[in-house]
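Welcome, and please take a moment to look over the model below. We will walk through it together, beginning with a single residue and then widening the view.

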Amino acid sequence: MKTILGVAFAIDRLNALVGRIACWAIFVAILVSAANAVVRKLFGVSSNAWLELQWYLFGAVFMLCAPWTLQLNEHIRIDIVASKFSRRVTNIIEIFCIIFFLGVFCALMVWLSIPFVMNSLSSSEMSTNAGGLILWPAKALILLGFGLILLQGASELIKRVAIMRGDLQESAATDLHEAEAERILHELAAVDPRISEGGMKP
């Protein structure tokens, strides 16, 4: 089980790295949007490629940060009912949902996305908009994103099973999450002294 847990934590580190890198696409999208606006206002020139690049960048953030969000347990969920159950029942529900909902859906999306991306790649499919971009990189983000979510689902499944077997303490399963939260708070505190690890100071 120790080896399998090592694989799960390796997946966690991979998706955390991909998520942190993908976050910078927001900054790039802002720069592209600002540059596009300035050029359009000053010179009356614009291009569909600039607009589509913004869509690609936001798509990258959405698809590549979703696995990291799952790892941090930050996806929206309804805990009104689950909060009344014991931790064992909650873990059983989590395992059931990971296998039969998340796993099945992501596996289906990966399966369907492969020919979707390959056909676009082989034909060098271009946007139907004048001056638009090539389409296969945007479509590949769908395949990559769902593939990484599927991997993260496997990681969460391994950790839940390990917790139920007593091979992993629940607090240990969230160590990476807490470390990431502390890192973010530390960075925010460097920008605004009112922010501390305990939250926002008055």
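Is Asn73 buried or exposed, or does Asn73 fall in between? With a relative accessibility of 42%, Asn73 counts as partly exposed; here buried means under 20% relative accessible area, exposed means over 50%, and partly exposed is in between, using a 1.4 Å probe and protein chains only. Before going further, please keep in mind that this is a predicted model, in which local features need pLDDT of at least 70 and side-chain atom pairs count only at pLDDT 80 or more, while totals for chains, interfaces and linings use all residues. Residues are numbered from 1 along each chain as its sequence is written, and side-chain values use heavy atoms, with hydrogens and water left out.

Now for the overall plan. The protein chain has six helices and two strands, and from the N terminus on they run α-α-α-α-α-α-β-β. Helices (H or I, at least four residues) and strands (E, at least two) are DSSP runs, numbered from the N terminus. Of the 202 residues in the protein chain, 31% are buried. Among contacts between residues at least 6 apart in sequence, 73% join residues at least 24 apart; a contact means heavy atoms within 4.5 Å. The chain exposes about 12,700 Å², and carbon and sulfur atoms supply 71% of that area, as computed by the Shrake-Rupley method with a 1.4 Å probe, where for residues only the protein chains shown count as cover.

Let us step inside. The largest nonpolar core has eleven residues, including Ala22, Ala25, Leu57, Val61, Leu141 and Leu148. Such a core is a set of buried Ala, Val, Leu, Ile, Met, Phe, Trp, Tyr and Cys residues joined through side-chain atoms within 4.5 Å. Helix H1, helix H2 (48-71) and helix H4 (136-165) each supply at least two residues of this core, and H2 gives the most, with five residues.

Charged side chains come next. A search of the whole structure finds four salt bridges, each being a side-chain nitrogen of Lys or Arg within 4 Å of a carboxyl oxygen of Asp or Glu. In one of them, the side chains of Lys159 and Asp12 meet at 2.7 Å, N to O. Because Lys159 lies in helix H4 and Asp12 in helix H1, this pair ties together parts that are 147 residues apart in sequence. Lys159 is buried, with a relative accessibility of 3%, and Asp12 is buried too, at 0%.

Lys159 also forms a salt bridge with Glu156, with the closest N and O atoms 3.1 Å apart. These two residues both lie in helix H4, three residues apart, about one turn of the helix. Glu156 counts as buried, at 12% relative accessibility. Leaving aside its neighbours within four places in sequence, Glu156 is in contact with Asp12, Leu70, Gln71 and Ile98.

A further salt bridge joins Lys139 and Glu125, whose closest N and O atoms are 2.7 Å apart. This pair links distant parts of the chain, 14 residues apart, with Lys139 in helix H4 and Glu125 in the loop between H3 and H4. Lys139 is buried, at 15% relative accessible area, whereas Glu125 is partly exposed, at 27%.

Back to the loops, and to the residue we began with. Most residues other than glycine have a negative phi. Asn73, however, has a positive phi of about 60 degrees although it is not a glycine, and Asn73 sits in the loop between H2 and helix H3 (87-122). Ser124 has a positive phi as well, near 50 degrees. Ser124 lies in the loop between H3 and H4 and is partly exposed, with a relative accessible area of 42%.

Val38, Val39, Leu42, Phe43 and Val45 make a nonpolar surface patch of about 480 Å². Patches are made of residues with over 30% relative accessible area and no salt bridge, with like charges joined within 9 Å and nonpolar side chains (Val, Leu, Ile, Met, Phe, Trp, Tyr) within 5 Å. One of its members, Val39, is found in helix H1 (residues 2-43).
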